Amino acid sequence: MTGRVLAERVGWLADLVQSMADGVIVAHWSDADLAELAGGVGPEGRRLPGNGWMALRRLGWAAVPPAGVVVSDRVRRIAEEEAARVLRLACHRRAIVAALLATWPADPSARTDDEWAALRAALPDATDNATIRNRTRQITAHIAGHGRPPADLCELEGQPAAARQVSLAAADRQQVAVDRVDDSIVRVWSQLPTCPAPASYRDWVWHAFDVVLPAIVPAGVKVCTPTLRPGDGKVRVDLPWQTPHTPPRLDGHTRALGVDWGVNTLLTATVADLDQDGTVVVQGRPLRFDATGASAKLVRLRRHREHLNTKADHLARLRDGRPTHHPAAAALTAKLALLQAEHTAVCARIRHLNKALAWSSARWLVDQATAAGATVIYVEDLATLEGGGRSRSLNRRLSGAVRGTVFTAIAHLAAKVDIAVVTVPARGTSSGCPRCGGPVKHVKTPQRMVAGYRWANCSCGLSMDRDHAAAQRIAARGLANQANTRRGRNGNAAIRTATDTPARHQTRRPTRTATIPPARDRRKTAPTPKQIRPATVKTSRLLPLRRQVPAPAESPSGSSGQRPAGRTPQETNPKGPVSQVPHTAPTTTPRHPHRVRGAALGRGFHRHVHATPVTDRDGSASRMSGSPRIA
Ligand SMILES: [Zn+2]
């Protein structure tokens with residue numbers, strides 16, 4: 001059969017699963033039921049199983065197919081799994097909303113220190129500030145609309161919808177089978193309905209389809225049961241694969257990379273070593289991933305998106321204020337559709353740019369760690385970044401969501417090369433001096449000592465870029481407290497409480513072992529050879545392409561007024577052989593020699609990003625193309 005028929009049938013299965021899952025969610029969208037699921041204990045006092053569909057069956061929340069439709073028990077399981085995942089996510093939101101309501105402050109726009117402390121104690125672990133802010137806004141809006149705070153999550157928001165997808169992992173071999181054909185092809189068998197509403201088991205037929213694995217999947221790994229996502233006449237297959245991997249060690253590190261989240265400089269990192277006597281030695285070279293251009297582009301795109309929103313709202317008001325048969329109504333509707341299409345396109349552009357920025361910066365950071373020989377990366381904990389003025393200015397440039405994606409990307413890429421990623425508390429990283437621990441003064445520049453943001457000054461003599469100083473402090477904080485590193489339930493390693501130790505600066509460069517070449521003999525023994533200069537062509541992109549042609553020969557017939565041989569300005573293609581001197585085509589030179597990998601192409605946002613090049617430990621440019629793959 002064709003792919004379109006397959007997509008249609010997978011779509012019918014997804015619709016069945018979605019409607020059954022929605023039925024379960026609607027029936028149990030109440031605070032009492034969510035509390036029962038969150039409690040994790042079944043009606044007979046036993047612990048609920050980890051599998052979503054099993055937990056729902058233990059609670060007696062079965063999925064029911066539409067009237068007259070026959071589905072197997074496996075399809076019901078898939079629907080229950082979908083419903084369980086949605087409801088468990090809701091349980092998490094319910095805990096956050098409950099914590100916010102229990103500690104609701106007098107002024108929600110500015111919590112006091114005590115109110116923050118109470119909120120942090122009530123919230124689930126690793127709740128980030130963006131979530132707190134968004135949920136606080138949601139509750140504030142509810143209070144403004146209803147005159148009182150909501151009782152619980154179910155009053156605050158309506159029931160969520162299940163995704164239109166088929167998680168085959170919840171079923172067993174009577175519904176799905178997966179087998180490898182060869183190193184690059186996986187064959188999936190699945191029972192699919194042959195009509196939208198199958199009335200008997202005769203309407204369910206086994207289908208087999210091949211999935212071609214992308215090149216990044218190593219040969220011989222174990223592939224798991226996929227999730228099918230139909231849409232646009234295609235079926236997308238989410239196919240997880242497993243490969244053995246031991247998580248990197250959490251302590252015993254002697255070389256680390258400390259990383260600070262900056263405002264324009266997205267990441268500032270520094271290399272630090274743990275000495276035998278327990279002190280931390282930091283290197284003076286800052287490693288920067290400067291995304292000023294990309295950030296500015298994001299700001300422009302966001303502004304444009306807001307502008308489109310305002311325009312669309314205005315047009316919608318104009319249209320709604322008029323009778324439907326008004327002659328201008330059709331034109332307004334067409335304009336609105338156009339605006340909405342552009343809005344969608346701008347949103348997609350922002351999303352892609354955020355993603356590209358996040359993964360590119362993470363790749364750069366992990367490459368730096370690999371090149372420096374660091375075995376651990378210490379990052380500020382996003383959840384404990386203070387909600388003061390600094391965070392507000394950070395949010396204006398790069399949203400917390402982008403930094404969340406950067407963190408996820410760093411953890412993902414570092415795990416592949418056995419580098420641990422550990423979060424350290426963010427409190428006081430930029431307000432303290434990395435050398436003496438005393439308070440630093442922030443000034444505009446080392447030359448202009450007026451109160452500012454960019455430069456850190458300390459009475460002990462420290463004068464350093466603010467983010468660089470913070471990165472040194474983070475590295476020292478991590479290395480000195482590595483015995484306190486714990487892995488959380490979500491798999492992320494963190495140091496929860498840390499004491500600061502002053503870091504020593506590396507005073508001299510490591511000795512180079514390279515042999516010094518003997519001095520050249522400069523005595524004159526022979527005539528200077530004539531230097532042969534190659535024909536040079538200016539290599540600027542601004543210079544128009546111009547062909548060098550020989551000067552016209554002096555001819556006795558007096559035709560010296562003739563145009564020299566070669567291409568005429570009107571002629572696009574020279575006709576016939578053209579006598580000419582050999583010439584070299586102008587080549588483009590990169591404008592910025594120190595750009596991140598892939599920048600040589602000069603495409604996309606790489607033009608807007610400047611980063612410290614990845615170099616080997618002895619300072620030579622690295623030939624690394626990405627990181628070594630794990631075997
Ligand atoms: Zn100091």
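Guide: Helices here are DSSP runs of H or I with at least four residues, and strands are DSSP runs of E with at least two, both numbered from the N terminus.

Visitor: What kind of model am I looking at?
Guide: This is a predicted model, in which local features need pLDDT of at least 70 and side-chain atom pairs count only at pLDDT 80 or more, while totals for chains, interfaces and linings use all residues. Residues are numbered from 1 along each chain as its sequence is written, and side-chain values use heavy atoms, leaving out hydrogens and water.

Visitor: Let me start with Ala426. Is Ala426 buried or exposed?
Guide: The scale is relative accessible area: buried is under 20%, exposed over 50%, and partly exposed in between, using a 1.4 Å probe and protein chains only. Ala426 has 5%, so Ala426 is buried.

Visitor: Now the metal. Which residues are the protein donors of the zinc ion?
Guide: Donors are N, O and S atoms within 2.8 Å of the metal (3.2 Å for Na, K and Ca); water is not among the atoms, so sites may look incomplete. For this zinc ion, the protein donors are the SG atoms of Cys433, Cys436, Cys458 and Cys460, at 2.2 to 2.3 Å.

Visitor: What is the geometry of the zinc site?
Guide: Four donors count as tetrahedral if all angles lie between 85 and 135 degrees. The four donor atoms here make angles of 105 to 114 degrees, and the site is tetrahedral.

Visitor: How are the zinc donor residues spaced in sequence?
Guide: The spacing is C-x2-C-x21-C-x1-C.

Visitor: On to the helices. At what angle do H8 and H9 pack?
Guide: Axes are lines fitted to C-alpha atoms over the stretch in contact, and angles run from 0 to 180 degrees between N-to-C directions. Helix H8 (residues 292-320) and helix H9 (residues 327-372) pack at about 160 degrees, and their axes are 9 Å apart. That makes H8 roughly antiparallel to H9 (over 145 degrees).

Visitor: And how do H4 and H6 pack?
Guide: Helix H4 (residues 73-102) meets helix H6 (residues 129-146) at an angle of about 70 degrees, with 10 Å between their axes. H4 and H6 are therefore roughly perpendicular to each other (65 to 115 degrees).

Visitor: Last, the backbone. What is the phi of Asp232?
Guide: Phi of Asp232 is near 55 degrees, a positive value in a residue other than glycine. Asp232 lies in the loop between strand E6 (227-231) and strand E7 (234-238) and is exposed, at 68% relative accessibility.

Visitor: What about Asp418 and its phi?
Guide: Asp418, also a residue other than glycine, has a positive phi near 60 degrees. Asp418 is in the loop between helix H11 (400-416) and E14, and at 41% relative accessibility Asp418 is partly exposed.

Conventions: Four donors count as tetrahedral if all angles lie between 85 and 135 degrees; four count as square planar and six as octahedral if opposite donors are over 155 degrees apart and all others between 65 and 115; anything else is irregular. Angles under 35 degrees count as roughly parallel, over 145 as roughly antiparallel, 65 to 115 as roughly perpendicular and the rest as oblique.
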